[in-house]
Amino acid sequence: MTESKSTVSGTPATHVRMQGALNLALKHALAEDDRTLVFGEDVAKLGGVFRVTDGLQETFGIDRVFDSQLAEASIIGMAVGLALHGYRPIPEIQFDGFAYPAMNQIVTQMARMNYRTRGAAPMPITLRLPSFGGIRAPEFHGESLESVLAHVPGLKVVSPSSPNEAYQLLRQSIADPDPVVFMEPKARYWNKAEFDPHVPVSDYLPIGRSRAVRSGKHVTLIAWGAMVAKCLRAAELAEEDGVEIEVLDLRWLKPIDVAGLEESVSRTKRAVVVHEAPFSGGLGGEVSSIITERCFDSLRAPVQRVAGYDVPYPSGALEDQYLPSVNRILRAVQRVLEYRRG
Amino acid sequence: MQREGLILAYSPLRGQEAAQIGSGIALDLARDFAFPTYRELGVAVAMGVDLVGYLASYLGIWHGGLYDPMASRFGSINAVVSGSVLHAVGWAKGAQLSGDGGVAVTYFGDGASSEGEVHEAMNLAGIDKLPVVFFCQNNGWAISLAAERQIAGGTVAGRAAAYGIEGVQIDGNDVIAVLHATRQALARARAGDGPTVIEAMTYRAGPHSTSDDPGRYRSLDDEQKWLSRDPIASFAERLRAEGIADEQFFLAASAEAARAADAVRAGLAALGDRPGEELFDFVFANPTATLQEQKHAWQESTHD
């Protein structure tokens, strides 16, 4: 946390971890708006199992930052009730797999209250959900729920790939009047990167916009969360062979940046979408459909998907076999580059 | 109105009038908030909710009805059994944090008492001594399953002790008993003494909904036994016996009720067809580009 402290004191922090950037975003949100509340399992005294909420209770007190009971449906039900009372709840569900017992409240209540009440009861809730795999965790501590959540009308879904994205996207999610599920890539919590919390809000990309994190002209790789870093690594390796890969960080999984996908792929004419979630019914299918609908005439190859397999998320020892690897990504890139119409 | 085709499907409250009116009128509309299910017309009446807006839900116009739940202090109609019980606890947490003296009253039935969320809600409310009243209308039947197959130990109120909160079982067909119990629970919550479970023993005299057939699971004898304890008839008898109201009063009340019902009928009939655009409104505070595109496509499809 030394990084964020130096930032708060005005010294420009150059590199922080995503965990520190998220902590700072929560700190700033709590300081700016009395209606914001942070709660969840072990978020207060412990500071969260990933320490994202570290020190917040000390600064803002037990009324603004508090520990929830071990009952996930209650965390979301509580958030809905607090929103009805005029608060802006920022609940945490400790691990993505623990969202399953809360699914009733997420889908039937949090997502629908604004619609059900014809806008009279908006739900400005930001549900922080440590997500995805890559940390050798026990069962249900590493899931990829994005296609399930993005399919629910009324929910917005977002996942950051870097400390800067984490800070800006969390601030935007908290300020947004709609419920946002904020999927934090656990595997990236401890990676340091350049960080500047002083970017004016007017310079943030709007909600629903993707970001090209690397430009290229031969193929577009589309990813989110921890897979963005893997795609960047693949792009570096491909560059050695003269292949210029554009990497598009989708960021928002609902709403999806249809225009951004169209813009990039109509230039590169080839696309590969990469995600950790199981292949069939994954969000890669949606992205692939959007590209096919919008860029059919310019496509030089069918859109490829690199994803997890259609298996339950495996144990740590098998994790690397399951997750898309740089090698699998590069093979898909090769397939779209070498594709010839029959 | 359902039989006339005016209403699609309705969950009648017949038999539960005392439980609903007696509790609903106890709320302070300036600071309390009620969380209904889909069978709380009586509470809506007691709290002065716009009844045309309330019944619009059963007309199939809008799931949550057309009334404003925030202005009415009467939450949106919620079709999910036990769905809003946790919301009352969260709202009560907000009331406690802001110190506004408000109390949440959540309605649920014997069927909902089996849902895990109800147990979670009582446990949480007990830990923080939240200002919430758990108002259980034990009407004997969750569609076709009798309460004795729903509630281990035979009582919902009895569970309160284990959560360290107050629990009372009352005659839910006695409107005065209901009023007193609710006022006591509200006062206790306002004083910071925490939640109360009120189990109002009553009877669903009608079907679960207008598409239900109680003849398949309960006897006419059973229904007749409860009809002899009709909450409206027995309260009228009591008012007569104690000389509080005379025939003149009952005639006037009946006429007023008929006038009010006519006004609601007329209001519902006047709602007419709804604009199809509403399909797309209110999903988000501001529609996404994809939703706008879908709305546009829908508009074009209506011009074929």
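This report describes two contact regions in a predicted model: one between the domains of chain A, and one between chain B and chain A.

## Domains of chain A

Chain A is divided into two domains, with domain 1 covering 2-203 and domain 2 covering 211-338. Taken over C-alpha atoms, the centres of domain 1 and domain 2 of chain A are separated by 26 Å.

## Contact between the domains

In chain A, 29 residues of domain 1 are in contact with 23 residues of domain 2. The size of an interface is often given as the accessible area lost when the parts come together. For domain 1 and domain 2 of chain A, the buried area is about 2100 Å², and 53% of it lies on carbon and sulfur atoms. Within domain 1 of chain A, the residues that lose the most area to domain 2 are A:Arg136, A:Glu146 and A:Glu165, which together account for 24% of what that side buries.

Four salt bridges are counted between domain 1 and domain 2 of chain A. A:Arg136 also forms a salt bridge through its side chain with that of A:Glu319, at 2.7 Å from N to O. The count of residue pairs in polar contact between the two domains of chain A is 15, with both residues at pLDDT 80 or more.

On the side of domain 1 of chain A that touches domain 2, the elements giving two or more residues are α7 (146-150), β6 (156-158), α8 (163-175) and β7 (180-185) of chain A. Of these, α8(A) gives the most, with four residues. By class, this side of domain 1 of chain A has 14 nonpolar, nine polar and six charged residues.

## Interface of chain B and chain A

Between the chains, 40 residues of chain B are in contact with 37 residues of chain A. Chain B and chain A bury about 3300 Å² between them, with 62% of that area on carbon and sulfur atoms.

Two salt bridges are found across the interface of chain B and chain A. B:Glu293 and A:Arg294 form a salt bridge in which the closest N and O atoms are 2.9 Å apart. The interface of chain B and chain A also holds 18 residue pairs in polar contact, both residues being at pLDDT 80 or more.

The side of chain B that touches chain A draws at least two residues from each of α4 (69-72), α5 (85-98), α6 (116-128) and α11 (289-301) of chain B. The largest share, ten residues, comes from α5(B). Sorted by class, the side of chain B that touches chain A has 19 nonpolar, twelve polar and nine charged residues.

Conventions:
Residues are numbered from 1 along each chain as its sequence is written. Chains are lettered from A and ligands numbered from 1 in the order in which they are written. This is a predicted model: local features need pLDDT of at least 70, side-chain atom pairs count only at pLDDT 80 or more; totals for chains, interfaces and linings use all residues. Side-chain values use heavy atoms; hydrogens and water are left out. Domain bounds come from an automatic or database domain assignment. Contact means heavy atoms within 4.5 Å. Buried area is the accessible area (1.4 Å probe) that two parts lose on being put together, summed over both. A polar contact is a pair of N or O atoms within 3.5 Å; within protein, one must be able to donate a hydrogen and the other to accept it, and residues adjacent in sequence count only if both atoms are side-chain atoms. Ala, Val, Leu, Ile, Met, Phe, Trp, Tyr, Cys and Pro count as nonpolar, Asp, Glu, Lys and Arg as charged, and the others, Gly among them, as polar.
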